[in-house]
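Please keep the structure in view while reading.

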Amino acid sequence: MINHHRAGHLLSSYLDGELLPEEATAVQGHLLECAACRAAFERIRATKGLLGELPVAEPPVEFWSTVREPGPGRPPAARLPWPGSIPRRRVAWGAAAALAVGLVLALTPVIKGTVDRLHAAEIGVDLYVREHAFGMSIEPLADRGFLGVVVGDADLVLAGEPSRAGGSPP
Amino acid sequence: MALMAQPGTVRAGPYTPEEVAWYETIVHRYARHVYNIAYRMVGNEADARDLSQEAFLRVYRVLRRVEPGIPLESWLHRIVSNLYIDLLRRRPRVRVESLDVPLPTPRGEVLREFPDLTFSPEAVLEKERLDRAIQGALGALSADLRLAVVLSDVEGFSYEEIATILRVPLGTVKSRLHRARQILQQRLRPYVEARRRGWGE
């Protein structure tokens, strides 16, 4: 058996058929004996009944149009936000062209630099000295001048000058 | 069906006709329920429309991630319940306040008094007035209690389903429903008594 207070708390679940079988049997037994709980149970049942008889709220017409067509105003996240009027094919070609131009611009200095270095190696140290001799005379301690001195000590011949003493005769 | 996509394998691009048709099936099957719950929660057409439209927009956005097998109903109702709670948070001025809780004043707590709802029997039977009274009583409940009682008594969900939708333990559903019905029956006493009399008491 259950007491009056406990039964009162279980009435709502009893009404909904949501009690365990043994609890339901106990509440049923109590209801047979207790007029107050019977009245309380009927009030709960009436309350539930009132709510159940509420008419189904009918959505307005514009609700249906918006819900059925959620696309136009607000595209789904999966869809990429393409600008409305430009055809996709044209956009793709544009992107490819932009990529090609970008590649050319990025690679030109690299290729040019490599060619220059190869070229410089062929001409050799003479070119370096010739180009930097003037700078070396003005600023012998600057990096470029110093290098010139180092290279000059190797007894290299500056362009247009006769070979210095100690070197092999021209 | 081509809708078994898992998260991460979702294709980009517009929906196929089959996917659109599936979405329309969902709308056809659930829109009335969702709108009705929203309406009973908020008590007015404009907010109910906004809430339920937003719920379906969310469904539409993630359509490819929704597996056809999952119970859509609970999921949709959870969306609309969460949207409703969000709506309450966004609108702090619309304070949800239980009319049955004593009102604290400098001279102690007082209980609100309501006009007597005992009209003539004819008026009690007037359906429209009854509906308004019930909607008003629902509006007096806190959001938690209202959600539980709308899902149970208006939409007819089981306790387990409500627990799933609201993500609360079963015991919480039981106690919320118990409290909600206690408050409602006091608010709607004349109608409740009229109904009991109608049963031949």
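What percentage of the 201 residues of chain B count as buried? The share is 33%, where a residue is buried if 20 or more other C-beta atoms, placed from the backbone, lie within 10 Å of its own, exposed if 12 or fewer, and partly exposed in between. This is a predicted model, in which local features need pLDDT of at least 70 and side-chain atom pairs count only at pLDDT 80 or more, whereas totals for chains, interfaces and linings use all residues. Residues are numbered from 1 along each chain as its sequence is written, and chains are lettered from A and ligands numbered from 1 in the order in which they are written.

Chain B contains nine helices and two strands, these being DSSP runs (helices H or I, at least four residues; strands E, at least two) numbered from the N terminus. Along the sequence the pattern is α-α-α-β-β-α-α-α-α-α-α. Of the contacts in chain B between residues at least 6 apart in sequence, 67% join residues at least 24 apart; a contact requires C-beta atoms, placed from the backbone, within 7 Å.

The interface comes next. Chain B contributes 40 residues to the contact and chain A contributes 32 residues. On the side of chain B that touches chain A, H2(B) supplies the largest share, nine residues. That side has 20 nonpolar, seven polar and 13 charged residues, with Ala, Val, Leu, Ile, Met, Phe, Trp, Tyr, Cys and Pro counted as nonpolar, Asp, Glu, Lys and Arg as charged, and the others, Gly among them, as polar.

One helix pair spans the two chains. Helix H4 (residues 61–68) of chain A packs with H1(B) at an angle of about 140°, the axes being 11 Å apart; axes are lines fitted to C-alpha atoms over the stretch in contact, and angles run from 0 to 180 degrees between N-to-C directions. H4(A) is therefore oblique to H1(B), since angles under 35 degrees count as roughly parallel, over 145 as roughly antiparallel, 65 to 115 as roughly perpendicular and the rest as oblique. Phe63(A), Val67(A) and Arg68(A) of H4(A) meet Glu24(B), Val27(B), Ala31(B) and Tyr35(B) of H1(B).

H1(B) also supplies ten residues, the largest share, of the largest nonpolar core, which has 52 residues. Such a core is a set of buried Ala, Val, Leu, Ile, Met, Phe, Trp, Tyr and Cys residues joined through C-beta atoms within 7 Å. Val34(B) and Ala55(B) are among the residues with the most contacts inside this core.

Key: Contact = placed C-beta atoms within 7 Å.
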